[in-house]
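User: I've got a structure to go through. Can you walk me through it?
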Amino acid sequence: MTEPSRPEALALLAYLGKWILLALAVAVLAGSASAFFLFALDWATATRSAHRWLIWGLPFAGFGVGWLYLKFGQRVEAGNNLLIDEIHDPKSVVPLRMAPLILGGTVISHLFGASVGREGTAVQMGGALADQLTHLFRLRHEDRRIILMAGISAGFASVFGTPLAGAIFGLEVLSVGRLRYDAILPCMLAAIVADQIGLLWGVQHTHYVISSIPHLSAWALLAMVISGAIFGLTGKAFAEATHALGGWMKQKIAYAPLRPLAGGIVLACIVWFLGAERYIGLGIPTIVEAFEQPLPAYDFAAKMLLTVASLGSGFKGGEVTPLFYIGATLGNALAPVLDLPFPLLAGVGFVAVFAGAANTPIASTLMAMEIFGAEIGVYAGIACVVSFLFSGHSGIYRAQRRGHAKHRQAPAESRPGD
């Protein structure tokens with residue numbers, strides 16, 4: 001291996017200086033935005049919990065947010081998919097209004113009881129704010145791709161408190177089976193610093209406890225393969241059901257604001273008359289319970305139903321925290337069947353359903369290690385990879401491209417780049 005020449009070393013120093021400064025700027029913007037969002041989300045959740053009647057405002061809230069997007073946000077309605085498309089094919093800077101629209105839309109959705117998450121909001125805010133630096137510094141298309149990826153990483157890391165997972169998520173989510181290493185430094189710096197910025201603002205992330213992780217055994221490894229397949233099929237079902245309902249609603253209801261209005265009426269009736277409050281919002285208390293005690297086996301299915309209904313009818317938010325809920329409760333239900341501790345399978349399911357639905361097994365494995373400790377890495381890694389294989393070549397992000405087939409037995413149309 002030859003050492004870099006002096007001109008090459010100087011160019012590398014200039015490159016480092018440039019991207020350190022840009023990544024720090026992205027981190028400050030995304031980390032601060034995520035902190036504000038998380039505080040607003042805590043307020044919305046507490047307010048809804050204290051006033052059960054707010055669920056009847058869900059249809060009107062959905063109509064209002066839908067009208068705002070129709071009037072002012074058609075350019076940014078694609079959300080995460082718009083960011084991914086702009087990274088693949090840079091065309092025009094993401095409008096800054098994406099940030100306040102998704103922030104307000106998500107907080108309103110949570111205030112009135114939709115079953116949505118928070119990752120989509122943080123990622124969209126991070127990406128939109130980062131892209132404003134394109135104008136300020138007159139960045140080229142190739143640099144703009146990287147700064148958008150850094151914004152995605154910073155948003156994801158700061159909203160979940162997982163900087164390593166956030167960094168890799170920004171690289172891994174773009175294409176199935178392919179990573180862009182030219183963006184690894186900006187994504188890593190932006191994710192780590194954005195997480196620290198959130199902590200400086202006073203953000204406190206939920207702690208999930210797995211009291212003990214069993215020693216590796218042949219059965220434990222086989223159980224990870226079995227559960228990973230189930231988690232992957234669950235992630236696939238979630239993604240396909242959400243896309244299918246969204247497409248059906250667009251066919252049946254032409255006027256966009258009426259879709260969340262109709263969906264909100266159905267959701268409000270389910271929650272009010274069936275007492276389904278544990279399946280709306282983020283559902284953090286139920287996720288915590290999944291690590292502490294056995295839960296009803298149908299919890300994951302109920303959460304999936306309400307989340308698909310919420311996202312498919314047009315409510316704003318993310319998919320990832322509901323996927324955490326679905327995975328943790330499904331793992332809790334599988335634990336006695338597979339003869340493993342339910343905290344372990346709850347933790348593995350927490351990340352593995354997400355790995356399959358988002359096609360991000362590496363980021364998901366790192367997330368498990370950051371949240372639950374390095375000891376879970378082998379278990380989570382196997383389950384996340386198997387989930388990734390069983391979830392097919394589609395996922396929750398339609399703009400995600402197929403870099404390589406997941407395996408050699410995949411159909412020919414699923415193997416671009418091979």
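Analyst: We can go through helices, core, cysteines and loops in turn. One caution before that: this is a predicted model.

User: OK. How many residues of helix H7 are buried?
Analyst: 9 of the 10, counting residues 163-172. So H7 is largely enclosed by the rest of the structure.

User: Which ones are they, the buried residues of H7?
Analyst: Pro163, Ala165, Gly166, Ala167, Ile168, Phe169, Gly170, Leu171 and Glu172.

User: And what covers the buried residues of H7?
Analyst: The cover includes helices H5 (119-137), H6 (141-160), H8 (184-200), H14 (342-358) and H15 (361-372). Strand E1 (175-176) is also part of it.

User: Let's take H5, then. Is threonine 121 buried or exposed?
Analyst: Buried, with a relative accessible area of 0%. Threonine 121 is found in helix H5.

User: What does the side chain of threonine 121 make a polar contact with?
Analyst: The side chain of threonine 106, at 2.6 Å.

User: What else does threonine 121 touch, not counting residues up to four places away in sequence?
Analyst: Besides Thr106, there are Phe37, Ile102, Leu103 and Gly317.

User: Switching to the core. How many residues are in the largest nonpolar core?
Analyst: It has 125 residues. Those with the most contacts inside it are Phe169, Ile287, Phe291, Val348 and Phe350. Helix H1 (residues 6-50) gives the most to this core, with 13 residues. Phe169 is also one of the buried residues of H7.

User: Which residues is phenylalanine 291 in contact with, leaving aside neighbours within four places in sequence?
Analyst: Tyr208, Val209, Ile210, Ala328, Phe342, Pro343, Ala346, Gly347, Phe350 and Phe372. Phe350 is another residue on that list of those with the most contacts inside the core.

User: How many disulfides does a search of the whole structure find?
Analyst: 0.

User: Is cysteine 187 buried or exposed? And is cysteine 384 buried or exposed?
Analyst: Cysteine 187 is buried, with a relative accessible area of 0%. Cysteine 384 counts as buried too, at 0% relative accessibility.

User: Backbone next. What is phi of aspartate 339?
Analyst: Near 55°. That is a positive value in a residue other than glycine. Asparagine 359 also has a positive phi, near 60°.

User: Where do aspartate 339 and asparagine 359 lie?
Analyst: Aspartate 339 is in the loop between helix H13 (320-338) and H14. Asparagine 359 is in the loop between H14 and H15.

User: Last topic, helix packing. At what angle do H9 and H12 pack?
Analyst: About 35°, with their axes 8 Å apart. H9 covers residues 218-252 and H12 covers residues 299-312. Their crossing is right-handed.

User: Which residues in H9 and H12 meet?
Analyst: From H9, Thr234, Phe238, Ala241, Thr242, Leu245, Gly246 and Met249. From H12, Met304, Thr307, Val308, Ala309, Leu311 and Gly312.

Technical notes:
Residues are numbered from 1 along each chain as its sequence is written. This is a predicted model: local features need pLDDT of at least 70, side-chain atom pairs count only at pLDDT 80 or more; totals for chains, interfaces and linings use all residues. Side-chain values use heavy atoms; hydrogens and water are left out. Buried means under 20% relative accessible area, exposed over 50%, partly exposed in between (1.4 Å probe, protein chains only). Helices (H or I, at least four residues) and strands (E, at least two) are DSSP runs, numbered from the N terminus. Contact means heavy atoms within 4.5 Å. A polar contact is a pair of N or O atoms within 3.5 Å; within protein, one must be able to donate a hydrogen and the other to accept it, and residues adjacent in sequence count only if both atoms are side-chain atoms. A nonpolar core is a set of buried Ala, Val, Leu, Ile, Met, Phe, Trp, Tyr and Cys residues joined through side-chain atoms within 4.5 Å. A disulfide is a pair of cysteine sulfur atoms within 2.5 Å. Axes are lines fitted to C-alpha atoms, for helices over the stretch in contact, and angles run from 0 to 180 degrees between N-to-C directions. A crossing is left-handed if the near helix is turned anticlockwise from the far one by less than a right angle, and right-handed if clockwise.
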